[in-house]
Amino acid sequence: MEERILKNYARVLLKVGVNLQKGQKLLLQCTTDSINLAREIAAQAFEMGARDVAVFIDDPYIKRLRGLYCDEETLRTVPDYRKEELDYYLRQDTVQMGLMGTYPDNMEGVKMENAIAIAYADNEVRNVVRKYIHAGTLQWTGTAVANIEWARKVYPDFDEETALLKLEADLAKMMHADEDDPVEAWHKHTNEMSVVSKNLNEHNFKSLHIKSELGTDITMDLVKNHIWTSAADMGDSLVKVPYVANMPTEEIFTDPHRLYVNGIAYASRPLTISGKLVKDFWIKFEDGLAVDCGASENAEALRDLLMRDEYTRRLGEVALVSKNSPITQMNRVYYNGLIDENAASHLAFGQSFSSNIKGGASMSKEELLEAGVNNASVHCDFMIGTPMFDVTGIKEDGTEVKIMTEGDFTDDFKTR
């Protein structure tokens, strides 16, 4: 990554992403492939007045070796000290940033049960951070950083060096890191998205009906007093400093009611689960519960994660993304959940967001469940948006309003 882009990348992550304030600590999680960006982020964070920067580094290659040679029980076990160390920082005035590594084929050759065990352990560690996210008390952000393995997957027709340069250029564009003033570009972008969420909130829909040419035909109630949120507009959160949780981001999202979802959803993009690429999959829901699923490849990985328990089998998010999203317009599958979810409307099974319901930040777990907000140990986004994607909002009196048609927001909602 060229120096100007590297500095801009770090700048927007700190000033827009976590919006680091003087005196706060930064908890930075990264992979060995993103160490140069991590160092630049640390340097800028200290210049901005950070009290400390704590860095946690993961090596995907060693993770694969563990999958090949360790037994399932060892891989599934997470020592308490790993979770306590994270929690130690998050209990303080700390912001959290994740530089996500993408390794679509990293678990090739690893037994399915071992790959699932590694993913289970990773999720247990992630849940330490999720606890603060879903309580609405954490400034956080996550982004994706290019590496050779990922670049080869996205650009298979080019040599490694060219593929990496192309992927880095794509990410720089998504992050506005190639612009003269990336921070100002992000503020403009978040303001535009806030207009869409504001328009959706004014309608106060009871339910949604979603259809696509792939066969998706699903209806869902939204939680009463739900809030559509986007980018720096994070709903009813206890954190009052604006921050952008995912970068890049193009989604407008809210909480479906966990008990009232019926129909079938067909994925429009593949999804990496437990290090395995799940393709051409579908999930069927009855009365809020996922009752069946299938896939052309690695269906076992999907079923293991989805059917883990009653709460994981329920929806926790519905998010709308226009087909005119700059990421969609790149017309490429990136094999990365963060990137691909901002190229297509999507659903997520598992954990909902308490900040997406009015008063949610002060509600107990039991009160949130009663209101229809799901609580689970997993949050997994899967993409269903297509060029002919259609979303209808239904009000309490039965009035129907077209929200999206042919993959784009109608004139009443869109900003571009």
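Reply: Start with a cut-off. A residue counts as buried under 20% relative accessible area, as exposed over 50%, and as partly exposed in between. Keep in mind that this is a predicted model.

Me: Is Lys-63 buried or exposed?
Reply: Its relative accessible area is 19%. The limit for buried is under 20%. Therefore Lys-63 is buried.

Me: Which residue forms a salt bridge with Lys-63?
Reply: Look at the closest N and O atoms, which are 2.9 Å apart. A salt bridge needs the nitrogen within 4 Å of the carboxyl oxygen. Lys-63 sits in helix 3 (residues 60-69), and the pair links distant parts of the chain, 59 residues apart. The partner is Asp-122.

Me: Where is Asp-122?
Reply: Asp-122 has 30% relative accessibility, so it counts as partly exposed. Its salt bridge is with Lys-63. Asp-122 lies in helix 6 (residues 112-134).

Me: How many salt bridges does a search of the whole structure find?
Reply: The test is a side-chain nitrogen of Lys or Arg within 4 Å of a carboxyl oxygen of Asp or Glu. Searching the whole structure gives 21.

Me: How many residues apart are Lys-7 and Glu-40?
Reply: These two form a salt bridge, with the closest N and O atoms 3.5 Å apart. Lys-7 is in helix 1 (residues 3-17) and Glu-40 in helix 2 (residues 35-47). The pair links distant parts of the chain, 33 residues apart.

Me: What does the salt bridge of Lys-279 and Glu-297 tie together?
Reply: The N to O distance is 3.9 Å. Lys-279 lies in the loop between strand 11 (276-278) and strand 12 (282-286). Glu-297 lies in the loop between strand 13 (289-294) and helix 10 (299-306). The pair therefore ties together parts that are 18 residues apart in sequence.

Me: Which residues do salt bridges that share partners join into one network?
Reply: Shared partners link separate salt bridges into one network. Its members are Glu-84, Asp-87, Arg-91 and Lys-131.

Me: What is the accessible area of the nonpolar patch with Ile-62?
Reply: Ile-62 is in helix 3. The patch on the surface is formed by Ile-62, Leu-65, Leu-68 and Tyr-69. Together they have about 440 Å².

Notes. Residues numbered from 1 in each chain as written. Predicted model: local features only at pLDDT ≥ 70, side-chain atom pairs only at ≥ 80, totals over all residues. Heavy atoms only, no water. Helix = DSSP H or I, 4+ residues; strand = E, 2+ residues; numbered from the N terminus. Buried < 20%, exposed > 50% of the residue type's maximum accessible area, 1.4 Å probe, protein only. Patch = residues over 30% accessible without salt bridge, like charges linked within 9 Å, V, L, I, M, F, W, Y side chains within 5 Å. Areas by Shrake-Rupley, 256 points an atom, 1.4 Å probe, with all protein chains shown as cover.
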